Amino acid sequence: MTTGYITHPDFLKHEMGSHHPECPERIQAINDQLIRSGVDRFLQHLDAPLATEEQLELVHSPDHIAFVKECSPASGYFMLDGDTIMNPHTWSAALRAAGAAIAGVDAVMKGEVENVFCAVRPPGHHAEPTRSMGFCVFDSVAIAARYAMDAYGIERVAIVDFDVHHGNGTEAAFLNDPNVLMCSFFQHPFYPYSGLDRANNMVNVPLPASTRGDVVRSIVEEQWLPRLRDFEPELIIISAGFDAHREDDLGQMGLVEDDYAWITKQLKGVANQYAQGRIVSCLEGGYNLSALGRSVVAHVKALADL
C-alpha cells in the first residue's frame, strides 16, 4: 500500500498580504523538500476537489457558510477577523482544503492508499462551527471526520492535533461526542487560550513555552497512546501543525524533525492495530519555511515507511 499526497494549485492563489506568515510559499517549500529528498516519487499524487456547501454543513452552520461566501471579494481583501483575510481566491482554496480532507477519507476507506497527507491551505483547526479565526476559514479535519462517519458508517474517529496552538474549532465541533476522541498538546498560555476545560473525549495537554521533544514523547506514551488504544479508532485524522518546531517564530516550543517522525510512527502503530492503517493527515501550522519543509518530509517518510 502507498501513501497518498493531495494538494492543488488553488492553494497557492489564496494569500493574505505580503507580510502574512500563512503564505503560499508554505506549499512551495513542502513540494520542494519532498522533491529534493526523493520522497515525492514514492507518493501517489491525488487532486483536491471542491467540497460542496452541503459537506461544509456537516460541521459549519449555513449562516456562517453563506457569510464567508458573500464576503469573498472580487478584488482586494476582506478581513474575517484580525488575522484571517480573504482574497478573491480564498473561497475556492477553502473549499479545496475541505475537499482534500474528504478525498483523503475516500482514498483510505476505499483502499486506494493506506494513508494520505493533504498539503492544504488555509488551515482549519481554529475555525469554529459559526466563525472563522486564526488563519482558518473552515475546519477541514472536523469536516472529514464527520464525513467518514456519515458516508462510511465509521463509529470511532480519533483526531490527533500536534500544532503548537490548541485546535479550538475541532474541539467545539466534537466536545463530548462519544464517537470522536481528540488528543492534543499545545503551548499554554498561548493563542487561542482554550483547551483547559475537561471533557471525556478530549485529551488536552497544555505545555509551557520551551518544552522539548523528550517531554512531548513522554506525554504521547503516557497519555495519548493508552487512550487511543482503549478507544480503538477505526480511522485516525491528524491536524499536522509543525509550528512547535524550535525554529518557528510563531511558537516557542522545541520540537525537531525526529520528534514529528517519532509521533507519526506511534500513530501508525495504533492505526495498524485498530484502523487497518488508515490515517488522513492535513497540514495546519508551520511558518518557518525550511523547518516546515523538513518536518513534513519526516512526517511523510514515517507515513510511507521510507
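Is proline 49 buried, partly exposed or exposed? I began my notes with this residue, and at 37% relative accessibility proline 49 counts as partly exposed, where buried means under 20% relative accessible area, exposed over 50% and partly exposed in between, with a 1.4 Å probe and protein chains only.

**Basis of the entries.** I note that this is a predicted model, in which local features need pLDDT of at least 70 and side-chain atom pairs count only at pLDDT 80 or more, while totals for chains, interfaces and linings use all residues. Residues are numbered from 1 along each chain as its sequence is written, and side-chain values use heavy atoms, with hydrogens and water left out.

**Proline 49, continued.** I placed proline 49 in the loop between β2 (43–47) and α3 (53–56); helices (H or I, at least four residues) and strands (E, at least two) are DSSP runs, numbered from the N terminus. Leaving aside residues up to four places away in sequence, I found that proline 49 touches Leu95, Arg96, Gly99, Ala100 and Ala103, contact meaning heavy atoms within 4.5 Å. I also looked up the pair proline 49 and alanine 97, which are 48 residues apart in sequence and 8.4 Å apart in space, C-alpha to C-alpha.

**The chain as a whole.** I find 10 helices and 10 strands in the protein chain. The radius of gyration of the protein chain is 17 Å, close to the 19 Å that the globule rule gives for 306 residues, so the chain is as compact as a globular protein of that length; the radius is taken over C-alpha atoms, and the rule is 2.2 Å times the number of residues to the power 0.38. Along the principal axes, the C-alpha atoms fill a box of roughly 50 × 40 × 40 Å. Buried residues make up 61% of the 306 residues, and of the contacts with a separation of 6 or more, 75% are between residues 24 or more positions apart.

**The sheet.** I traced 8 strands that form an open sheet in the order β2-β1-β5-β10-β9-β6-β7-β8, with parallel pairing, two strands counting as paired if DSSP finds at least two bridges between them. The edge strands are β2 and β8, each of which pairs on one side only, and the twist averages 15° from one strand to the next. Strands β5 (residues 115–118) and β10 (residues 279–283) pair in the parallel sense over 4 bridges, and here valine 116 stands opposite valine 280.

Further along the order, I recorded 5 bridges between β6 and β7, again parallel, with isoleucine 159 opposite methionine 182 in β7. Strand β7 (residues 180–187) in turn pairs with β8 over 6 bridges in the parallel sense, and methionine 182 has methionine 202 in β8 as its bridge partner.

I then checked burial in two of these strands. In β6, 5 of its 5 residues are buried; Val157, Ile159 and Asp161 point one way, and Ala158 and Val160 the other way. In strand β8 (residues 202–207), 5 of the 6 residues are buried, so this strand is largely enclosed by the rest of the structure.

**Helices on the sheet and on each other.** I see helix α5 (residues 90–109) lying across β1 (3–7), β2, β5, β9 (235–240) and β10, at about 160° to β10, whereas α8 lies across β6 (157–161), β7 and β8, at about 170° to β7. Axes are lines fitted to C-alpha atoms, for helices over the stretch in contact, and angles run from 0 to 180 degrees between N-to-C directions.

The axes of helix α8 (residues 213–231) and helix α9 (residues 257–274) come within 11 Å and cross at roughly 10°; α8 and α9 are therefore roughly parallel to each other, a term for angles under 35 degrees. Among the residues that meet are Val220, Trp224 and Leu228 in α8 and Trp262, Ile263 and Leu267 in α9. The residues of this contact divide into 10 nonpolar, 2 polar and 5 charged, where Ala, Val, Leu, Ile, Met, Phe, Trp, Tyr, Cys and Pro count as nonpolar, Asp, Glu, Lys and Arg as charged, and the others, Gly among them, as polar.

**Backbone in the loops.** I noted a cis peptide bond joining arginine 121 and proline 122, with omega about 5°, and placed proline 122 in the loop between β5 and α6 (140–152). The peptide bond from tyrosine 191 to proline 192 is also cis, with omega near 5°, and proline 192 lies in the loop between β7 and β8.

Note on methods. Parallel < 35°, antiparallel > 145°, perpendicular 65-115°, else oblique.
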